[in-house]
Amino acid sequence: MICILNLRDYMDVDILKKLALMGAMKGRVSLSSAKLGSTIGMSSQTAARRLIRLEKQGYITRVLTTEGQDVRITDKGISKLKAEYLDYKKIFEEGQRQRLKGRVTTGLGEGQYYISLEGYRRQFVEKLGFEPYPGTLNLQLKEPFAVHDTSAIKIEGFKDSARTFGGGKCYPVKIDGIEAAIIRPDRSSYPLNMVEVIAPVNLREKLGLKDGDEVEVILE
Ligand SMILES: Cc1cc2nc3c(=O)[nH]c(=O)nc-3n(C[C@H](O)[C@H](O)[C@H](O)COP(=O)(O)O)c2cc1C
Ligand SMILES: Nc1ccn([C@@H]2O[C@H](COP(=O)(O)OP(=O)(O)O)[C@@H](O)[C@H]2O)c(=O)n1
Ligand SMILES: [Mg+2]
């Protein structure tokens with residue numbers, strides 16, 4: 001089962017790559033029904049099925065036209081493709097750590113509440129090895145956040161008497177030498193180009209940051 005799922009995943013990436021090479025990351029690309037198979041390099045029927053699958057997973061958007069369909073890769077699709085690219089970068093450029101640049105942004109003021117919850121706090125201490133400052137430093141990236149889930153540390157959701165709290169994924173990072181982690185809550189309403197960072201210290205105070213300042217995040 002695992003093999004089949006991985007193979008499908010691989011095929012998704014392969015088609016995303018072909019679409020990106022046609023320009024579908026920057027704008028809509030028209031795929032004629034008649035030439036669909038030869039364009040993507042498989043039977044037309046298979047290609048059509050794969051495109052529907054990509055759309056269902058949120059990797060592309062499709063608009064049907066009289067000649068065929070116009071396709072564009074979404075931020076989620078770009079992120080999927082970029083994670084693959086970064087794996088190759090790791091393979092061919094050994095020792096290079098992934099770096100992200102983001103601008104400090106004020107958020108909704110909710111990070112403080114969530115990070116302080118004992119159900120999360122306990123897991124951060126155990127899984128990341130530090131007690132987080134109550135809050136998240138929000139960073140606006142130039143591109144969607146793209147890292148393979150294999151490097152993620154899973155934070156479990158939990159329940160109290162009133163409601164359920166969702167889980168999330170953490171990615172250990174360093175900012176100006178300070179150990180920290182990107183936290184991506186499963187229930188976040190932020191787009192992929194907004195990341196939240198937790199750290200044992202208040203990063204604004206420690207690094208003298210204000211809204212609009214650029215910060216470099218190095219993935220561990
Ligand atoms: C660890 C963690 C868990 C979260 N769990 C939930 C949740 O269960 N439901 C929800 O609506 N939002 C959840 N959020 C997301 C917040 O609603 C919100 O989108 C985000 O943290 C806002 O942060 P900000 O104040 O920095 O803008 C969670 C956030 C964090 C950091
Ligand atoms: N490790 C951290 C966490 C939060 N913060 C900041 O602490 C404040 C509270 O975090 P928050 O997530 O509740 O607030 P917003 O991100 O919504 O503005 C914000 O100003 C964050 O930018 C920080 O400087 N360093
Ligand atoms: Mg925040």
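In the protein chain, 61% of the contacts with a separation of 6 or more are made by residues 24 or more positions apart. The model is predicted, and its protein chain has 220 residues, of which 25% count as buried. The secondary structure amounts to seven helices and twelve strands. The C-alpha trace spans about 60 × 40 × 30 Å along its principal axes.

An open sheet is formed by three strands in the order β1-β3-β2, with antiparallel pairing. Its edge strands, β1 (29-32) and β2 (60-64), each pair on one side only. On average, and with direction ignored, neighbouring strands of this sheet are turned by 30 degrees against each other. Strands β1 and β3 (residues 68-73) run antiparallel and are joined by four bridges. Within this pairing, Ser 30 has Asp 70 of β3 as its bridge partner. The sheet is packed against by helix α3 (residues 44-56), which touches β2 and β3. The direction of α3 makes about 125 degrees with that of β2.

Ligand 1 is surrounded by 19 residues, the closest being Gly 107, Gly 111, Tyr 114, Gly 166 and Pro 185. At least two residues of this shell are supplied by each of α5 and β10 (178-185), and α5 gives the most, with three residues. By class, the shell around ligand 1 divides into seven nonpolar, nine polar and three charged residues.

Around ligand 2 there are 16 residues, and the closest are Gly 107, Gly 111, Gln 112, Gly 135 and Arg 204. Helix α5 (111-116), strand β5 (137-141) and helix α7 (203-207) each contribute at least two residues to the shell of ligand 2. This shell holds six nonpolar, nine polar and one charged residues. Gly 107 and Gly 111 are listed among the closest residues for ligand 1 and also for ligand 2. Helix α5 likewise supplies at least two residues to the shell around ligand 1 and at least two to that around ligand 2.

Conventions: Residues numbered from 1 in each chain as written. Chains lettered and ligands numbered in written order. Predicted model: local features only at pLDDT ≥ 70, side-chain atom pairs only at ≥ 80, totals over all residues. Near = placed C-beta within 6 Å. Nonpolar A, V, L, I, M, F, W, Y, C, P; charged D, E, K, R; others polar. Pairing = 2+ DSSP bridges. Axes fitted to C-alpha atoms, helices over the stretch in contact; angles between N-to-C directions. Contact = placed C-beta atoms within 7 Å. Buried ≥ 20, exposed ≤ 12 C-beta atoms within 10 Å, placed from the backbone.
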